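Student: Hi! I have never seen this one before. Please walk me through it.

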Amino acid sequence: MTFRCKRLPVLALLLGAVTPLAAQQPAPAPDSTARGYAPTVPDSTPAPAPAPAPAPAPAAQAGQAPAAAPAAAPAAAPAAAPAAAPAAAPARAAPASPTAGRTVAAALGFIDVIPARSADRIKVELEAARAADHEADARIAEASSRRAQTKALIEAKKQEASAVDTRLKLAKKGKQDAEKASLEAEKRVVERQREFLERRDALHSAEFDRAKAAKQLAQADQKALEMELQLAGRRAERAQVAGKDATATLTHDEVIHELERRTLEAQRQRAEAAKDVASRDQDIARRRLELYTAQMAAGESK
């Protein structure tokens, strides 16, 4: 009985050693001949060998119970927490605008629509415009006098032509052929002279209209220069208070803006008047050429 008790631990140890060896034997391949399909190709990758069981510790004394199974492997350490995502890079600052901190006028490059000029220069031009106004008055009077004289000559030629017609009729009625030929020639001369005088009158009329247009131009020029002179004075006054008195500066700015508008309007009217004078100069040049032609024809009749 004592011998059997001693053999039991030895058998238990042998059985524990045989069991892992049996587990290592490969499993038989399935028989596919009866099923009618090709055998499955086994995976070429060998299965990992199982870890060998630890050898049992020898019994310290006969009859002692077999050693307890090895303790279970310690639990795997918990997976490390994923690293925190890197902080987002700070947003790139937008480039500063080239107009930042600047006024609209400075950013867009505003200019003085009416260039600044000295008051002395404006006064010189203003005196010239006044002189042109007086000269236009003189031209008007001169052209008016010439027109009156020319019209009187035209009336005289008309009467002369009428007298020649009366005499010509009498000569035709009296069958005075020599007198008739002479009167017909005289009539042609009178008609050419009358035509010359009519063209001269047209020229004097054009000169009269041109003188009136020149007067309007001189007046428009004076108005524009007077407005510009006031503008120059206001600009000078503003420069004296700029940076010292904000209220006075603002008042000057409002007045300056109004004067600029009126000055530009006056300059536009002056340009229109100058255009009218230029067109009348062209008309005078054409009429003088016509008068020259008529004058040459009248001179050949002498």
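**A first look around**

Tutor: Let's start with E135, which counts as partly exposed at 45% relative accessibility (buried means under 20% relative accessible area, exposed over 50%, and partly exposed in between, with a 1.4 Å probe and protein chains only). This is a predicted model, where local features need pLDDT of at least 70 and side-chain atom pairs count only at pLDDT 80 or more, while totals for chains, interfaces and linings use all residues. Residues are numbered from 1 along each chain as its sequence is written, and side-chain values use heavy atoms, with hydrogens and water left out.

Student: Okay, what does E135 pair up with in a salt bridge?

Tutor: R139 is the partner, with the closest N and O atoms 3.8 Å apart. A salt bridge here is a side-chain nitrogen of Lys or Arg within 4 Å of a carboxyl oxygen of Asp or Glu. R139 is partly exposed too, with a relative accessible area of 46%.

Student: Where do R139 and E135 sit?

Tutor: In helix α3, residues 119-173; they are four residues apart there, so about one helical turn separates them.

Student: Zooming out, how many helices and strands does the chain have?

Tutor: Five helices and zero strands, and from the N terminus the order is α-α-α-α-α. Helices (H or I, at least four residues) and strands (E, at least two) are DSSP runs, numbered from the N terminus.

Student: And how many of the residues are buried, as a percentage?

Tutor: 19% of the chain's 302 residues count as buried. The chain exposes about 22,600 Å², with 58% of that supplied by carbon and sulfur atoms. Those areas come from the Shrake-Rupley method with a 1.4 Å probe, and for residues only the protein chains shown count as cover.

Student: Which residues account for 79% of the contacts with a separation of 6 or more?

Tutor: Pairs of residues 24 or more positions apart in the chain. A contact means heavy atoms within 4.5 Å.

Student: Back to salt bridges. How many does the structure hold?

Tutor: It holds 32 salt bridges. One of them joins K157 and E160, at 3.2 Å from N to O. Both of those residues lie in helix α3, three residues apart, about one turn of the helix. K157 counts as buried at 19% relative accessibility, while E160 counts as partly exposed at 30%.

Student: Which residues get joined into one network?

Tutor: E135, R139, E142, R146, E207 and R288, through salt bridges that share partners. Then there's E125, which bridges to R117 with the closest N and O atoms 2.8 Å apart. E125 is partly exposed at 28% relative accessibility, and R117 is partly exposed at 22%.

Student: New topic: at roughly what angle do the axes of α3 and α4 cross?

Tutor: Roughly 165°, and the axes of α3 and helix α4 (residues 177-241) come within 6 Å. That makes α3 roughly antiparallel to α4. The axes are lines fitted to C-alpha atoms, for helices over the stretch in contact, and angles run from 0 to 180 degrees between N-to-C directions. Under 35 degrees counts as roughly parallel, over 145 as roughly antiparallel, 65 to 115 as roughly perpendicular, and the rest as oblique.

Student: Is the crossing of α3 and α4 left-handed or right-handed?

Tutor: The crossing of α3 and α4 is left-handed, meaning the near helix is turned anticlockwise from the far one by less than a right angle; clockwise would be right-handed.

Student: What is T150 in contact with?

Tutor: Leaving aside neighbours within four places in sequence, T150 contacts L197, R200, D201 and H204. T150 lies in helix α3 and is buried, with a relative accessible area of 0%. Its C-alpha is 8.4 Å from that of H204, 54 residues away along the chain.

Student: And D201, buried or exposed?

Tutor: D201 counts as buried, at 11% relative accessibility. D201 is in helix α4 and, not counting residues up to four places away, touches R147, T150, K151 and I154.

Student: Last one: where is T263?

Tutor: T263 is in helix α5, residues 246-300, and counts as buried at 0% relative accessibility. Beyond residues up to four places away in sequence, T263 touches I114, A224, M227, E228 and L231.
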